[in-house]
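Here are my notes on the model you sent over.

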Amino acid sequence: MTELDDRHWLQQAIELSRSCPPSATAFSVGAIIVGATGKVLATGYSRETDPHDHAEEIALSKLAANDADLPEATIYSSLEPCSKRASRPRTCTELILAAGIRRVVIAWREPSVFVDCEGVELLTAAGVEVIELPELADQVKALNAHVL
């Protein structure tokens, strides 16, 4: 993927986060998994089917665990994948690693509003390429003004 592709897909993930039902206790996040050929494999957004849903979790749940496209795919998430979680047994960072995705693109690192997130550090330590496009962070912050 090129930088232009990354900007396009991350912008799409940000737009998807507008679909999130409002919550005073959670961020609104959108995630899109894109295969190496540029085909959208799955999408997800926070609270899509349940109040505890995270965007990356939902997108990954729409694919088979052994999907052959995942190791070459990129997951675009408007916010850093979570590394601590009380509502589910596995974090989004753990789910991404278990899926074998080797590339993650985000707009904004999760601020310490609810937890101290270490998603970027854990993914990077596991050999995942993490790209941040901070020029898109203000859009994500604006969509999450309800918790900031």
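How many nonpolar, polar and charged residues are in the lining of the largest pocket?

1. Keep in mind that this is a predicted model. To take that question up: the lining of the largest pocket has 10 nonpolar, 6 polar and 7 charged residues. The lining comes to 23 residues, and Thr25, Ala26, Phe27, His54 and Arg85 are the ones nearest the centre of the pocket. The space in there is about 420 Å³.

2. Next, the second largest pocket, with a volume of about 170 Å³. By class, its lining has 8 nonpolar, 1 polar and 2 charged residues. Helix H2 (55–61) and helix H3 (92–99) each put at least two residues into this lining. Among the lining residues are Glu57, Leu60, Ser61, Arg90, Leu95 and Ala98.

3. On to the inside. In soluble globular proteins, nonpolar side chains tend to be buried together. Here the largest nonpolar core has 25 residues, and Leu10, Ile14 and Tyr76 have the most contacts inside it. At least two core residues each come from helix H1 (3–16), strands E1 (30–34), E3 (74–79) and E4 (103–108), and helix H5 (137–143). H1 gives the largest share, 5 residues.

4. Ile14 is worth a click. Setting aside neighbours within four places in sequence, Ile14 is in contact with Ser78, Ala107, Leu136, Gln139, Val140 and Leu143.

5. Finally, there is a second, separate core of 19 residues, with Ile33, Ala59, Leu60 and Ile75 among them.

How values were computed: Residues are numbered from 1 along each chain as its sequence is written. This is a predicted model: local features need pLDDT of at least 70, side-chain atom pairs count only at pLDDT 80 or more; totals for chains, interfaces and linings use all residues. Side-chain values use heavy atoms; hydrogens and water are left out. A nonpolar core is a set of buried Ala, Val, Leu, Ile, Met, Phe, Trp, Tyr and Cys residues joined through side-chain atoms within 4.5 Å. Buried means under 20% relative accessible area, exposed over 50%, partly exposed in between (1.4 Å probe, protein chains only). Helices (H or I, at least four residues) and strands (E, at least two) are DSSP runs, numbered from the N terminus. Contact means heavy atoms within 4.5 Å. On a 1 Å grid over the protein atoms alone, a cavity is a set of points where a 1.4 Å probe fits but cannot get out, and a pocket is an open set with protein on both sides within 12 Å along at least five of seven lines; lining residues have an atom within 4 Å of a point. Grid points are joined across faces, edges and corners, and a volume is the space filled by probe spheres set on the points. Ala, Val, Leu, Ile, Met, Phe, Trp, Tyr, Cys and Pro count as nonpolar, Asp, Glu, Lys and Arg as charged, and the others, Gly among them, as polar.
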